[in-house]
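Reader: Hey, could you walk me through this one? I'm new to reading structures.

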Amino acid sequence: LEAKLRSQLMLSNDVSVTVCGFIDRIDRVGNTVRLIDYKTGGVENKDITIDDFEDLRQPKDKNKSLQLLLYAWLYFNEHPEVNELETAIISLRKPSSWLMKLKLFKKSSVSRDEMPEFEKTLTSLIEEIMDESIPFSKKLLTLESDD
């Protein structure tokens, strides 16, 4: 059950930040590693569907997708032997939906090959949060959901 992962992220100004996350559940079904987050609130399929990494700039709509991709990035960084995995949410409010998998570019798995592009987006988001010339707002801080 719950695992804490952490990794360093180098920003464009040569500042290194530590990024960490707590994954509720990591398991393996057959040869597939799954990273699962439990949510007490509602989750819709549109919340965890990404067609472009720029979609992650919609924190209110895509914060759950960002969280799942962040977990994938952290896991890949700590487990170089893994090249593909699944990330999913189990919504306790919608138990009939059971395992709601992140859909990334119309597929239900995340590949290590996609992580460099995700890392660029993550770097950009963190740089915006740290940029003193950009007014601090709650929208920028909503990287994780409230539940």
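Reader: Okay, Phe53 and Phe118: buried or exposed?

Author: Phenylalanine 53 is buried, and phenylalanine 118 is buried as well. Buried means under 20% relative accessible area, exposed over 50%, and partly exposed in between, using a 1.4 Å probe and protein chains only. Before we go on, this is a predicted model, where local features need pLDDT of at least 70, side-chain atom pairs count only at pLDDT 80 or more, and totals for chains, interfaces and linings use all residues. Residues are numbered from 1 along each chain as its sequence is written, and side-chain values use heavy atoms, with hydrogens and water left out.

Reader: Got it. How many aromatic pairs are there?

Author: The structure holds 2 aromatic pairs. Rings of Phe, Tyr and Trp (its six-membered ring) pair if their centres lie within 6.5 Å; planes under 30 degrees apart are stacked, over 60 edge-to-face, and the rest tilted. Phenylalanine 53 and phenylalanine 105 make an edge-to-face pair, at 5.2 Å centre to centre with 85° between the planes.

Reader: Why does that pair tie together parts that are apart in sequence?

Author: Phenylalanine 53 is in the loop between strand E5 (49-50) and helix H1 (59-78), while phenylalanine 105 is in the loop between strand E8 (103-104) and strand E9 (110-111), so the pair ties together parts 52 residues apart in sequence. Helices (H or I, at least four residues) and strands (E, at least two) are DSSP runs, numbered from the N terminus.

Reader: And how does Phe118 pair with Phe53?

Author: The ring centres of phenylalanine 53 and phenylalanine 118 are 6.0 Å apart with planes at 55°, so that pair is tilted. Phenylalanine 118 sits in helix H2, so this pair ties together parts that are 65 residues apart in sequence. Ring pairs link Phe53, Phe105 and Phe118 into a cluster.

Reader: What about H2 itself, how many residues has it got?

Author: Helix H2 covers residues 115-130, which is 16 residues, and reaches 22 Å from its first C-alpha to its last, close to the 22 Å expected at 1.5 Å a residue. That expected span is 1.5 Å times one less than the number of residues. Buried residues in H2 include Met115, Phe118, Leu122 and Thr123.

Reader: Why does Thr123 count as buried?

Author: Threonine 123 has 12% relative accessibility, so it counts as buried. Leaving aside neighbours within four places in sequence, threonine 123 is in contact (heavy atoms within 4.5 Å) with Leu9, Met10, Leu11 and Ser12.

Reader: New topic. Which residues touch the most other members of the largest nonpolar core?

Author: Those are Leu69, Trp73, Leu85, Val110 and Phe118, in a core of 35 residues. The largest share, 10 residues, comes from H1. A nonpolar core is a set of buried Ala, Val, Leu, Ile, Met, Phe, Trp, Tyr and Cys residues joined through side-chain atoms within 4.5 Å.

Reader: Where is Asp14?

Author: Aspartate 14 is in the loop between strand E1 (3-10) and strand E2 (16-23). With 65% relative accessibility, aspartate 14 counts as exposed.
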